[in-house]
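Take a slow look at the chain below. Then read on, and follow it piece by piece.

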Amino acid sequence: MRSSLPAFQLRDDLYGAFGDPRQTGKPSGDDIRDGKLTPLVAVARARAVANGDEASLAVLEGCVGARDLTPADLAAVRHVLVFTGARSAVETKIARLVAQSMNHLTSANLEPSARRRLHALALAAAGTPATTGSFTSQPTEEAGPLSSPSGSTAEADGW
């Protein structure tokens, strides 16, 4: 799956699935309840299919698009998004997009103060914490009892 989405949209998808509504201002799980095929869900589904992970596929099929999603159902979907590595893949894609933006801004002929402000704006829009020096980002992962299966990378997903 090729993604032409900007980093801020991918971050918004993560907030929609994992965010705290008090901090994000949006209900958690609404994209899942609405059945939106976000890159996050698409990657999880593709990886579950590739790995023959019937249990993860069953959770996605049974819960994505379910308007009556319970907190336990939402927790199960979140677990699948982490377990399949979809969350990590989206975080990695965000980091890659932000790094590309930072490289473009660094090479642009801009006033130093304008460059700093644009760097800060790009980082804020992507939901990426500002760092000192060059841009670095570590994908975050919600802890869970199971580790992500190996064998499928963001590049293999077409990212």
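**A walk through the helices**

Ala86 sits in helix 7, which covers residues 86-107. Helices here are DSSP runs of H or I with at least four residues, strands are runs of E with at least two, and both are numbered from the N terminus. This is a predicted model, in which local features need pLDDT of at least 70 and side-chain atom pairs count only at pLDDT 80 or more, while totals for chains, interfaces and linings use all residues. Residues are numbered from 1 along each chain as its sequence is written, and side-chain values use heavy atoms, with hydrogens and water left out.

Stay with Ala86. Is this residue buried or exposed? Ala86 has 0% relative accessibility, so it counts as buried. Buried means under 20% relative accessible area, exposed means over 50%, and partly exposed lies in between, with a 1.4 Å probe and protein chains only. Which residues does Ala86 contact, leaving aside neighbours within four places in sequence? They are Leu40, Val43, Ala44, Arg47 and Leu81. Contact means heavy atoms within 4.5 Å. Val41 is 45 residues away from Ala86 along the chain, yet their C-alpha atoms are separated by 7.4 Å.

Now step back to the whole protein. It has 8 helices and 0 strands. Along the sequence, the pattern reads α-α-α-α-α-α-α-α. The protein has 159 residues, and 40% of them count as buried. Take the contacts between residues at least 6 apart in sequence: 71% of these join residues at least 24 apart. The accessible surface comes to about 8,800 Å², and 55% of it belongs to carbon and sulfur atoms. Such areas come from the Shrake-Rupley method with a 1.4 Å probe; for residues, only the protein chains shown count as cover.

Go to helix 1, residues 7-18, where Asp12 is found. Asp12 has 28% relative accessibility, so it counts as partly exposed. Its C-alpha atom is separated by 9.6 Å from that of Lys26, 14 residues apart along the chain. Ala17 is also found in helix 1. At 3% relative accessibility, Ala17 is buried. Leaving aside neighbours within four places in sequence, Ala17 is in contact with Ser28, Ile32, Leu40, Arg78 and Leu81. The C-alpha atoms of Ala17 and Gly29 are separated by 5.0 Å, and these residues are 12 apart along the chain.

Helix 3 spans residues 30-34 and holds Arg33. What is the relative accessible area of Arg33? The value is 17%, so Arg33 is buried. Not counting residues up to four places away in sequence, Arg33 touches Ser28, Gly65, Ala66, Arg67, Leu69 and Leu74.

Next come pairs of helices. Helix 4, residues 39-50, packs with helix 5 at an angle of about 145°, and their axes are 8 Å apart. Axes are lines fitted to C-alpha atoms, for helices over the stretch in contact, and angles run from 0 to 180 degrees between N-to-C directions. Helix 4 passes helix 5 in a left-handed crossing. A crossing is left-handed if the near helix is turned anticlockwise from the far one by less than a right angle, and right-handed if clockwise. Helix 4 gives Ala44, Arg45, Ala48 and Val49 to the contact, and helix 5 gives Ser56, Leu57, Leu60 and Glu61. These residues divide into 5 nonpolar, 1 polar and 2 charged. Ala, Val, Leu, Ile, Met, Phe, Trp, Tyr, Cys and Pro count as nonpolar, Asp, Glu, Lys and Arg as charged, and the others, Gly among them, as polar.

Helix 5, residues 54-63, also packs with helix 6, residues 71-83. Their angle is about 135°, with axes 9 Å apart. Helix 5 and helix 6 are therefore oblique to each other. Angles under 35 degrees count as roughly parallel, over 145 as roughly antiparallel, 65 to 115 as roughly perpendicular, and the rest as oblique. The crossing of helix 5 and helix 6 is left-handed. In helix 5, Ser56, Val59, Leu60 and Cys63 meet Asp73, Ala76, Val77, Val80 and Phe83 of helix 6. This contact divides into 7 nonpolar, 1 polar and 1 charged residue.
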